[in-house]
Amino acid sequence: MASTQFLCSSRQLYTSKTQPNCFRNGGLKTHLPFSFSTKKTHFKTAHFVTIKASAGKKQVEIVYNPDERLNKLADEVDANAGLSRLTLFSPCKINVFLRITSKRKDGFHDLASLFHVISLGDKIKFSLSPSKSTDRLSTNVPGVPLDDSNLIIKALNLYRKKTGSDKFFWIHLDKKVPTGAGLGGGSSNAATALWAANQFSGCIATEKELQEWSGEIGSDIPFFFSNGAAYCTGRGEVVQDLPAPIPSDIPMVLIKPPEACSTAEVYKRLQLDRTVSVDPLTLLEKISTSGISQDVCVNDLEIPAFEVLPSLKRLKQRVVAAGRGQYDAVFMSGSGSTIVGVGSPDPPQFVYDDEEYQDVFLSEASFITREPNQWYREPYASNAGADSTADFAQSV
């Protein structure tokens with residue numbers, strides 16, 4: 001069975017116009033006598049064999065079209081080839097700015113933030129399980145829960161609850177996004193799992209439905225059903241898509257110490273009278289017209305996060321001091337503990353020289369978005385060692 005990425009628009013199933021004329025399954029390449037397109041498979045150029053024969057005074061003409069037979073074969077494969085495996089990129093996000101505007105009666109806080117997807121992400125492989133009662137999750141890193149407390153399993157359970165689907169999965173999570181980083185890695189994994197489950201079920205739910213359902217298990221998850229750039233309000237679940245406000249060629253560096261910030265503890269220490277007073281819509285307008293600068297990349301959670309983790313405050317101060325002229329802005333993403341430097345992919349030299357920072361997580365990244373009716377694609381241009389099978393899966 002082919003391991004390809006099937007893309008659905010609302011309730012319709014599509015395949016890519018650019019799909020190579022073969023399937024790749026591991027190291028096996030099988031060429032087929034036809035190719036898929038977004039329309040029903042047919043050969044545009046017909047090759048006819050004409051045979052003329054005479055029978056007395058009558059002339060008989062027999063026309064044989066070999067492509068008709070191939071088209072019938074293609075139709076049969078289209079009808080029988082169900083999706084059994086799927087590999088998807090699960091990118092993380094940063095908060096370009098994050099304003100906390102009020103505390104709600106339900107104990108949560110209202111926020112206003114520019115969320116943007118970036119090129120750092122995990123890879124998740126889904127396979128249909130013969131089991132009709134349980135999912136099985138594995139991962140490449142220790143410490144990630146593999147039971148139903150994991151947002152991937154929660155998302156799959158939610159999908160089955162909402163749709164009545166009886167499909168269960170074997171899932172392998174190739175984790176690259178650090179946990180406790182304020183990058184929304186777990187939320188992205190959950191959104192990716194919802195998208196995947198919908199592909200396996202023939203897209204019986206719309207993207208809008210997936211987005212609405214996802215808010216039941218996490219406030220940041222609905223954002224990932226945007227085009228990749230969105231102005232988010234409420235608890236984060238009210239998502240307003242934006243035209244990409246930041247050029248994709250602007251680089252950044254992510255610096256995360258081994259210590260994580262507890263989101264609950266950060267919000268517990270938050271004092272609204274110590275937050276900035278600038279209107280978040282003013283920040284959004286400045287970014288849209290003038291780009292990223294230090295004065296627009298504000299984060300109201302920095303002060304309480306720096307109280308929870310004083311070393312994080314020192315890290316930001318050192319990055320700012322060492323990177324004068326190197327970065328357009330230096331700020332914390334989400335509730336921490338990642339410090340983002342926008343404008344250069346290179347960390348300051350002290351991160352390499354000081355023993356204190358020998359265990360920090362470092363990654364360059366860029367801003368990305370997604371095309372309508374497709375999931376996010378990993379930017380392979382900067383990843384020459386990408387697996388060819390995964391490359392194929394992402395290209396379809």
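Trainee: Where is the place of Ser337?

Mentor: Ser337 is in the loop between strands β14 (329-332) and β15 (339-342). Strands here are DSSP runs of E with at least two residues, and helices are runs of H or I with at least four, numbered from the N terminus. This is a predicted model, where local features need pLDDT of at least 70, side-chain atom pairs count only at pLDDT 80 or more, and totals for chains, interfaces and linings use all residues. Residues are numbered from 1 along each chain as its sequence is written, and side-chain values use heavy atoms, with hydrogens and water left out.

Trainee: What is the peptide bond from Gly336 to Ser337?

Mentor: That bond is cis, with omega near 15°.

Trainee: What is the phi of Cys203?

Mentor: Phi is near 60°. That is a positive value in a residue other than glycine. Cys203 sits in the loop between α3 and α4.

Trainee: Why are α2 and α4 called oblique to each other?

Mentor: Start with the angle. The axes of α2 (residues 151-163) and α4 (residues 207-214) cross at roughly 120° and come within 11 Å. Axes are lines fitted to C-alpha atoms, for helices over the stretch in contact, with angles from 0 to 180 degrees between N-to-C directions. Under 35 degrees is roughly parallel, over 145 roughly antiparallel, 65 to 115 roughly perpendicular, and the rest oblique. The pair falls in the rest, and α2 and α4 are therefore oblique.

Trainee: Which residues of α2 and α4 meet?

Mentor: Leu158, Tyr159, Lys162 and Thr163 of α2 meet Leu210, Trp213 and Ser214 of α4. Contact means heavy atoms within 4.5 Å. By class, 4 of these residues are nonpolar, 2 polar and 1 charged. Ala, Val, Leu, Ile, Met, Phe, Trp, Tyr, Cys and Pro count as nonpolar, Asp, Glu, Lys and Arg as charged, and the others, Gly among them, as polar.

Trainee: Why are α3 and α4 oblique?

Mentor: Helix α3 (residues 185-200) packs on α4 at about 140°, with axes 10 Å apart. By the angle ranges, α3 and α4 are therefore oblique. Leu194, Trp195 and Asn198 of α3 touch Glu207, Leu210 and Ser214 of α4.

Trainee: How do α2 and α3 cross?

Mentor: Their axes come within 8 Å and cross at roughly 35°. α2 passes α3 in a right-handed crossing. This contact includes Leu151, Ala155 and Tyr159 of α2, and Ser187, Ala193 and Asn198 of α3. The contact has 9 nonpolar residues, 4 polar and no charged.

Trainee: What makes a space a pocket?

Mentor: A grid test. On a 1 Å grid over the protein atoms alone, a pocket is an open set with protein on both sides within 12 Å along at least five of seven lines; a cavity is a set where a 1.4 Å probe fits but cannot get out, and lining residues have an atom within 4 Å of a point. The largest pocket has 45 lining residues, with Leu151, Gly184, Ser187, Asp220 and Thr263 nearest its centre. α3 gives the most to that lining, with 4 residues.

Conventions: Left-handed = near helix turned anticlockwise from the far one by under 90°.
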